[in-house]
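Here is a short briefing on a two-chain model. Please have the sequence and the 3D view open as you read.

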Amino acid sequence: MVVSTAAPAAEVQVGARPQRRTLRDRLKRDWTLLLLCLPGVLYFVVFFYVPLLGNVIAFKDYAPFLGIEGSPWVGLENFVMLLEEPEFWTAVGNTLQITALQLLLYFPAPIALALLLNSLVGNRVKRLVQTVVYLPHFLSWVVVVAMFQQVIGGAGTITTFLAAHDVTIGNLMADPGLFKLMATAQVIWKDTGWGTIIFLAAITAIDVSQYEAAAIDGADWKRRLWHVTLPGIRPVIIMLLILRLGDILSVGFEQMVLQRDAVGAEASEVIDTYIYYHGVINGDWGMSTAAGLMKGLIGAALIYAANKLAHRFGEQGIYR
Amino acid sequence: MERPTVAGRALKTAALTAIVLAVLYPFGLAVGTSLTGRAESVANGGGYVLLPAHPTLEAYRLILSGGAVTRAVLTSVGITLCGTALSLLCTVFLGYALSRRGMLGGKPILMMVLATFLFTPGMIPTYLMVKELGMLNTYQSVIVPVLVNAFNVVVVRAFFQGLPDELFEAARMDGAGEWRMMWRIAIPLSKAVIAVVGLFYAVGYWNSWFSALLYIDDHDKHPIQLVLRQYIFRGGAAQGTDVAIVRDLPTASVQMAVLVIALVPILLAYPFLQKYFTKGVLTGAIKG
């Protein structure tokens, strides 16, 4: 036995050119690595790829007691029903409005703050401000919304302060008409600081000699900002815009669930909460899966389209 | 270059001060309110007090005396510790294997991980999978479905790939296998990156509440963030034991005491996070 196993091994050594290795030899060499991959791969199979296939229930009349396979096919019926639901269109409308507000008000905020931080001469002040503004990113949405409530909620300090001076603003946190603006304000408070990191890094990567040349040519700070800094970080801005575009249909799910009681479903229903309340809570499994599937496909298509567009304009985009 | 003008500097200082205050004020208010006693809170209409005249630990003493909050804190600590350890192991293992050049199946496995960036399976199919596996109402349900983050795998892999090849070659000459090389070379040289990734997982587990709402009906198994939600948005204590406490104390103090408790681990981890995260975020962003 010993001889017989030793012989092939010797042969392998003779012909040990890497590209000639057979599957068996590679398996023998790499089995430890494959074993190391196993838990992670298993995770992605079970909680990504199999559920991905589970989306077939969008085309079925799913009933939990029949299971996915046992439930009857219904073709596109779930999609037709979904598109005829006024509540679904409310959710789509709210989602798009909040996305628009975020693009308009939140997206530029980290860029502006990064430019402001970059213009600081003292490094110590800069680092101190950074330490403070990064912090809210690490808070849970429960904490963030609670913090807003204690300041501008019905009994909030600013609300009561203003009321004591005869200015009534009411409970901003429970006003359905203001909800979308409030939700955007919460995102700004939570993530503006964190968002500066990538822009600050991009600004640091700009060649200092460009600024020197511009200054020698007599460009003041406004022109240097416009002609050197902003063009320098343009690829990063475009990359983040593309990523945001792919996520256009996802807006702060947890935020909406938390404030639903205060402002009502009409104002706060977005596509993700629609899926949760109609699917998990009400048991409209097929229809809400159809909503999720559509959302996912549109998102992927948007990423693809935006990336193509970026290439058209001579930018790097996120992939080639 | 010319010096900034006086007016410009004043404007900048004002803007930065306003930003810093806007971030810090709610933290101060939460802490102050949590330390406020009944009389003072009643005298002060809203119940929220930035600087209580007579700070008291009443609210903390009550919520930590063994009710729902105490249990929820222990639950969250358990979930965070177990979850982080498991996530970190799976992420480092996968990241290490994928960082080794020419591994059998390395390309397809990497593609399989990267593809998860483009699409999500959606909430309903994931929920049904958790149900199918019999995980509803278990602690596993808030860990296993979010066990590995593809982005973190990419970050760890990129860092391992940057380690000098000679180290591995030398170890191989000495007869070390991949398992040994991972533990003896790759991991010790990547402590910083592993710490960042671990802290990110830990923050994620500590802050998570929606998966518990989705998968766990049993209130006794709810984590602190979900209990906090109950206190703040559902106007009262979670279940049973703590109701009496709320009647005796101003609601705002109790609410904010729970909030501060939910916040403390984040504040403790923050200096470490801050020390490393810029680096971690950027390697991932550039190479991902």
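What share of the contacts in chain B with a separation of 6 or more comes from residues 24 or more positions apart? The share is 72%. Two residues are in contact here if their C-beta atoms, placed from the backbone, lie within 7 Å.

This is a predicted model, in which local features need pLDDT of at least 70, side-chain atom pairs count only at pLDDT 80 or more, and totals for chains, interfaces and linings use all residues. Residues are numbered from 1 along each chain as its sequence is written, while chains are lettered from A and ligands numbered from 1 in the order in which they are written.

**Confidence**

- Chain A has an average pLDDT of 88, and 93% of its residues score at least 70. pLDDT is the predictor's confidence in each residue, from 0 to 100.
- Within chain A, helix 5 (residues 86–106) has the highest confidence, at 96, and helix 1 (residues 2–14) the lowest, at a mean of 39. Helices (H or I, at least four residues) and strands (E, at least two) are DSSP runs, numbered from the N terminus.
- Residues 1–17 of chain A stay under 50 in pLDDT. For this stretch the model has 2 contacts beyond four places in sequence.

**Chain B overall**

- Chain B holds 14 helices and 0 strands.
- Of the 288 residues in chain B, 43% are buried. Buried means that 20 or more other C-beta atoms lie within 10 Å of the residue's own; exposed means 12 or fewer, and partly exposed is in between, with C-beta atoms placed from the backbone.

**UniProt annotations**

- An unreviewed UniProt entry lists "transmembrane region" for residues 72–97, 109–130, 142–160, 181–203 and 252–273 of chain B. UniProt positions are given in the numbering used here, feature names are shortened, and annotations may be inferred rather than shown by experiment.
- Residues 72–97 of chain B are 100% helix and 0% strand, with end C-alpha atoms 37 Å apart.
- Residues 252–273 of chain B are also 100% helix and 0% strand, and their end C-alpha atoms are 30 Å apart.
- For chain A, the unreviewed entry gives "transmembrane region" for spans including 133–152 and 285–306.
- Residues 133–152 of chain A are 70% helix and 0% strand, with the end C-alpha atoms 20 Å apart.
- Residues 285–306 of chain A are 100% helix and 0% strand, with a 31 Å separation of the end C-alpha atoms.
- UniProt (unreviewed entry) also lists "domain: ABC transmembrane type-1" for residues 92–306 of chain A. That span is 78% helix and 0% strand.

**Where the chains meet**

- In the interface, 64 residues of chain A are in contact with 69 residues of chain B.
- A:V129, A:V132 and A:V133 in helix 7 of chain A meet residues of helix 1 of chain B, among them B:L16, B:I19 and B:V20.

**Helix 15 of chain A**

- Helix 15 (residues 271–281) of chain A is largely enclosed by the rest of the structure, because 8 of its 11 residues are buried.
- Its buried residues include A:I271, A:D272, A:Y274 and A:H278.
- The buried residues of helix 15 of chain A pack against helix 5, helix 13 (253–263) and helix 16 (285–312) of chain A, together with helix 6 (123–132) of chain B.
- A:G283 follows helix 15 of chain A and has a positive phi, near 80°.

**Loop residues**

- A:H137 sits in the loop between helix 7 and helix 8 (141–152) of chain A. A:H137 counts as partly exposed, with 17 C-beta neighbours inside 10 Å.
- Beyond four places in sequence, A:H137 touches A:K190, A:D191, A:G193 and A:W194.
- Most residues other than glycine have a negative phi.
- A:D166 is not a glycine, yet its phi is positive, about 65°. A:D166 is exposed, with 6 other C-beta atoms within 10 Å.
- B:N137, also not a glycine, has a positive phi of about 65°. B:N137 lies in the loop between helix 6 and helix 7 (150–161) of chain B, and is exposed, with 12 other C-beta atoms within 10 Å.
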